[in-house]
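Please have a look at the structure first.

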Amino acid sequence: MTILLVSDDDRSAFACQLLAQQLRQGGHACLTVGPALSSLRDSPLPAVTPQIPLALMDLLGHELLNSASAVGVFIHRSDYLQRFTHAHRELARQRGEPPAVVFSGPLQASLGDQLVQELSDRHCCDLLVVPGDRQRRELEAITQFWPTTSGTPEIESMGLWFLPERPPLGALSGGTPKPPYTLLALAQESIPIQVGAKAQLLRQLIRWAETSPDWSIVIQRDQSWERGQPWIAKFEPDDWSFPDNLVFGAPGQLLSQLASCSACLSVSSPWTLAAMAWGRPTLLIGDYGIHTDQGTTAFFGSGCMHRLQAIDRLDQLLELPPVNAFWLQSTGWGVHDGAKRLIRRLEALIR
């Protein structure tokens, strides 16, 4: 079986690399495909270059696709996914050959409206992969009475395959955090959505840095950004006064920071799942409520959502209750054989 994994940005390229490594360890041929990443953008992730420098639509009619058993497509443009899938099947029909199985899935543990949207965006696929049993059950409940003519994709839970199973070697400190303490604040591109909310959050982090001088605070973007573009629109460094113990994270450092931090904070970054799984105390900012547009719906039941005003000094973060273990397991951390599950499902579809 030959599998192609197609990406279009740093996050999906990194996820495809992780999955490809697992598949190759299982003895399966796998190639990562995607355009070269822009040199004008910085990324919080380690640099990853797909093996085959092709965009998704360039695969149509390519010998790579003609010899592939399955294609995993992890790109942002759902319209490209649909166009590719329909064109690939039509070309295969004209050749009188079976098309490769097309599978896809979100690179986050979504629930509710967001999960339904992700199903809708990938409705053309043969297989939809989701992180946990919770997502799988929710989608199966939605689609169980759909007519067979609707072409609903099969659904498989694969765990948190798009996150490293373990932190970088030697980076994770075990047991209770010890000084010097570090708070990692995962800054999202468009969340919180309220006007002025990012500036308000930055002011809160500055206050914490001032009241907890024995802590360091690192503000790390959780996705790539245009080089030189500030996290906050119209941000002018000269308008702010930063304590020495508050800094902005450098590109390429996200994984090591997640592993070594004493505590992690975000509104709804998907990378908080890694912090939770690796044993880092995690605070999900609950000031914005449980809403799809804030990305917080997926974290309902985690036990990690708290109001900012509940924290006066950062030492209180170390006293927060741990993540709800049942929630974390059902969200995907309980599945550690995702690559094997994928192969079994693909083999059944190919037959």
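The second largest pocket has a volume of about 460 Å³. A pocket here is an open set of points on a 1 Å grid over the protein atoms alone, with protein on both sides within 12 Å along at least five of seven lines; a cavity is a set where a 1.4 Å probe fits but cannot get out, and lining residues have an atom within 4 Å of a point. Grid points are joined across faces, edges and corners, and volume is the space filled by probe spheres set on them.

This is a predicted model, in which local features need pLDDT of at least 70 and side-chain atom pairs pLDDT 80 or more, while totals for chains, interfaces and linings use all residues. Residues are numbered from 1 along each chain as its sequence is written, and side-chain values use heavy atoms, leaving out hydrogens and water.

Among the 23 residues lining that pocket, Gln22, Gln25, His336, Gly338 and Ala339 are the closest to its centre. Helix 1 (10-25) gives the most to this lining, with 6 residues. Helices (H or I, at least four residues) and strands (E, at least two) are DSSP runs, numbered from the N terminus.

The whole structure holds 1 cavity of 30 Å³ or more. Of the 14 residues around the largest cavity, Leu186, Ala187, Gln188, Leu201 and Trp231 are the closest to its centre. Strand 8 (181-187), helix 6 (197-211) and strand 12 (263-266) each supply at least two lining residues.

The table sets the two linings side by side. Ala, Val, Leu, Ile, Met, Phe, Trp, Tyr, Cys and Pro count as nonpolar, Asp, Glu, Lys and Arg as charged, and the others, Gly among them, as polar.

| Space | Volume | Lining by class |
|---|---|---|
| Second largest pocket | about 460 Å³ | 11 nonpolar, 9 polar, 3 charged residues |
| Largest cavity | about 70 Å³ | 12 nonpolar, 2 polar, no charged residues |

Strand 8 provides the largest share of the cavity lining, 3 residues. Because 6 of its 7 residues are buried, strand 8 is largely enclosed by the rest of the structure; buried means under 20% relative accessible area with a 1.4 Å probe, protein chains only.

Two strands pair if DSSP finds at least two bridges between them. Strand 8 and strand 9 run parallel, joined by 7 bridges, and leucine 183 has isoleucine 217 of strand 9 as its bridge partner.

Technical notes:
Buried means under 20% relative accessible area, exposed over 50%, partly exposed in between (1.4 Å probe, protein chains only).
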